[in-house]
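Subject: Structure handover and what was found in it

Dear colleague,

Please find the sequence and the structure just below. My notes on them follow, and I would be glad if you could read them with the model open beside you.

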Amino acid sequence: MDLQLPSSRSRTVSYATVATLITFFVEGAMLASFLSRIPTLRDVLELSPSQMGTLLLIGACGAVVSLPASGPIVGRFGPRNTVWASFAIWTLGMIGLITAFELGSVFLFAVFLFVMQSGTSLGNSTMNVESGYVELLAKRPIIPWFHAAFSIGTVIGAATGALVLYCDIDFAVHLAVVIVIANALMVWAGRNYIPQPIIDAMTVDDANNAARSKRAWRERRTVLAGVIVFGTGLMEGGANDWLALSMVDGFHMTSARGTAVLAMFLFVLTLTRILSPKLLLRWPADRVLRVLLSGSIIGLVMVSVSPWIAPAILAVALWAMGAALGFPIAASVLSKEPAMAAARMAVMSTLGYGAFLAGPPIIGYIAEYVGYRHALIIITIPVMISALLTPILRTPHNSGARRR
């Protein structure tokens, strides 16, 4: 007897929606909490721009290792078990990072950064798969709101980080509190994900997980969607890793004020994601994304070359709007077929989060010669490519959207 799927207004879907929102929020807060301490890391460990780039690149390798395997893992063990496992790995990495920082060991810090980023990336991929299942059951476009929850988490994490820096709170104390709160929230969230029998009923087909993964990597549209997300992910990752330092070194701000500019970037990005469902009802998704990406190119150039701080800060807002919708729109498009959702999301996450994590270290190497702020202009190249590829995101739903 076939299992009946829950209605869009059922308790199961409502609880899963809240649980997924919490997961995105926690992942965002975790990321921003760590990134808010990058100026502290740079100063205490006495790292040059190229050394910072190498450290971040080692962490990115952890992400790159875990992302391609995330689709088969989620397909085999389910989102609930996988997200709990990802947080266990992340927690181990974070405890190691705190220990390495206290010991002043750059080597140990790099090792545990690799572990931490492995867990983070596995969790990111898993929550995007879960968001696709929830959107299908909810029968309305809500994936941008999940990504808005991620952004809200990053805003709160960055703002808290700025306050923590201002109050001179110890690195270990700050991140230990983050670990405890994150794990407490994820115990509840994981328990309220879509039950596995329902997921099995949604994803049944004749292919196994490995076959789906191979098929997804051969799909032109899936890979090109990943390329689009590569550009937007590089914008977001570049801001997370280097915007605060660019403000500190480029305009002689304090670390707290530089982190506040990052918090502003994340606030604008969040607001764009919250408002995006209304935008997507009025205009096609590909057109909305293309306009925002064009604005972000202007913003990146202004941030990189402006001699005045006020125009640069305004340009940060343009940059943030362009970074906001690449991943949510692509995730929504690729989640329409439940059986392939995990495999396609793994492909897109590998390309998108690979840029999010691996791209910024390259900026660090360039910054060794031209400075943090001027190095950011390199991001405009992949963003231009993303803007040119936006037509592949057109869907029948978009073509029928109401226009004025």
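**Confidence**

The chain has a mean pLDDT of 83, and 92% of its residues reach 70 or more. Confidence is highest in helix 6, at 93, and lowest in helix 17 (residues 396-399), where the mean is 45. Over residues 397-404 the pLDDT stays under 50, and for this stretch the model has 14 contacts beyond four places in sequence. Where pLDDT is low, the predicted coordinates should not be read in detail.

**Helix 11 with helix 16**

Two packed helices are described by the angle between their axes and the distance between the axes. For helix 11 (residues 285-305) and helix 16 (residues 380-389), the axes come within 9 Å and cross at roughly 165 degrees; because angles over 145 degrees count as roughly antiparallel, helix 11 and helix 16 are roughly antiparallel to each other. Their crossing is left-handed. On the side of helix 11 the contact is made by Arg290, Leu293, Ser296, Ile297, Leu300 and Val301, and on the side of helix 16 by Thr380, Val383, Met384, Ser386 and Ala387. Sorted by class, the contact of helix 11 with helix 16 has 7 nonpolar, 3 polar and 1 charged residues.

**Helix 9 with helix 12**

Helix 9 and helix 12 (residues 309-323) pack at an angle of about 165 degrees, with their axes 10 Å apart, and that makes helix 9 roughly antiparallel to helix 12. The crossing of helix 9 and helix 12 is left-handed. Helix 9 contributes Thr232, Met235, Glu236, Gly238, Ala239, Leu243 and Phe251 to the contact, while helix 12 contributes Ile309, Ala312, Val316, Trp319, Gly322 and Ala323. By class, the contact of helix 9 with helix 12 has 9 nonpolar, 3 polar and 1 charged residues.

**Helix 1 with helix 3, and the residues around them**

The axes of helix 1 (residues 11-35) and helix 3 (residues 49-103) come within 13 Å and cross at roughly 15 degrees, and helix 1 and helix 3 are therefore roughly parallel to each other. Helix 1 passes helix 3 in a left-handed crossing. The contact involves Thr23, Val26, Glu27, Met30 and Phe34 of helix 1, together with Val83, Phe87, Trp90 and Leu97 of helix 3. By class, the contact of helix 1 with helix 3 has 7 nonpolar, 1 polar and 1 charged residues.

Which residues does Thr120 touch, not counting those up to four places away in sequence? Thr120, which is found in helix 4 (residues 106-138), touches Glu27, Met30 and Trp90. Thr120 is buried, with a relative accessible area of 9%. Although Thr120 and Phe87 are 33 residues apart in sequence, they are 7.3 Å apart in space, C-alpha to C-alpha.

Thr91 has its place in helix 3 and, at 14% relative accessibility, counts as buried. Leaving aside its neighbours within four places in sequence, Thr91 is in contact with Ile179 and Asn183.

**A buried histidine**

His147 lies in helix 5 and is buried, with a relative accessible area of 3%. Not counting residues up to four places away in sequence, His147 touches Phe24, Asn128, Arg273, Phe327 and Pro328.

**Two loop residues with a positive phi**

Most residues other than glycine have a negative phi. Asp168, although it is not a glycine, has a positive phi of about 60 degrees; Asp168 sits in the loop between helix 5 (143-166) and helix 6 (171-191). Is Asp168 buried or exposed? At 68% relative accessibility, Asp168 counts as exposed.

His252 likewise has a positive phi of about 60 degrees without being a glycine. The loop between helix 9 (220-251) and helix 10 (255-282) is where His252 is found, and at 72% relative accessibility His252 counts as exposed.

With best wishes

Methods: Residues numbered from 1 in each chain as written. Predicted model: local features only at pLDDT ≥ 70, side-chain atom pairs only at ≥ 80, totals over all residues. Heavy atoms only, no water. Axes fitted to C-alpha atoms, helices over the stretch in contact; angles between N-to-C directions. Helix = DSSP H or I, 4+ residues; strand = E, 2+ residues; numbered from the N terminus. Parallel < 35°, antiparallel > 145°, perpendicular 65-115°, else oblique. Left-handed = near helix turned anticlockwise from the far one by under 90°. Contact = heavy atoms within 4.5 Å. Nonpolar A, V, L, I, M, F, W, Y, C, P; charged D, E, K, R; others polar. Buried < 20%, exposed > 50% of the residue type's maximum accessible area, 1.4 Å probe, protein only. pLDDT = per-residue confidence, 0-100.
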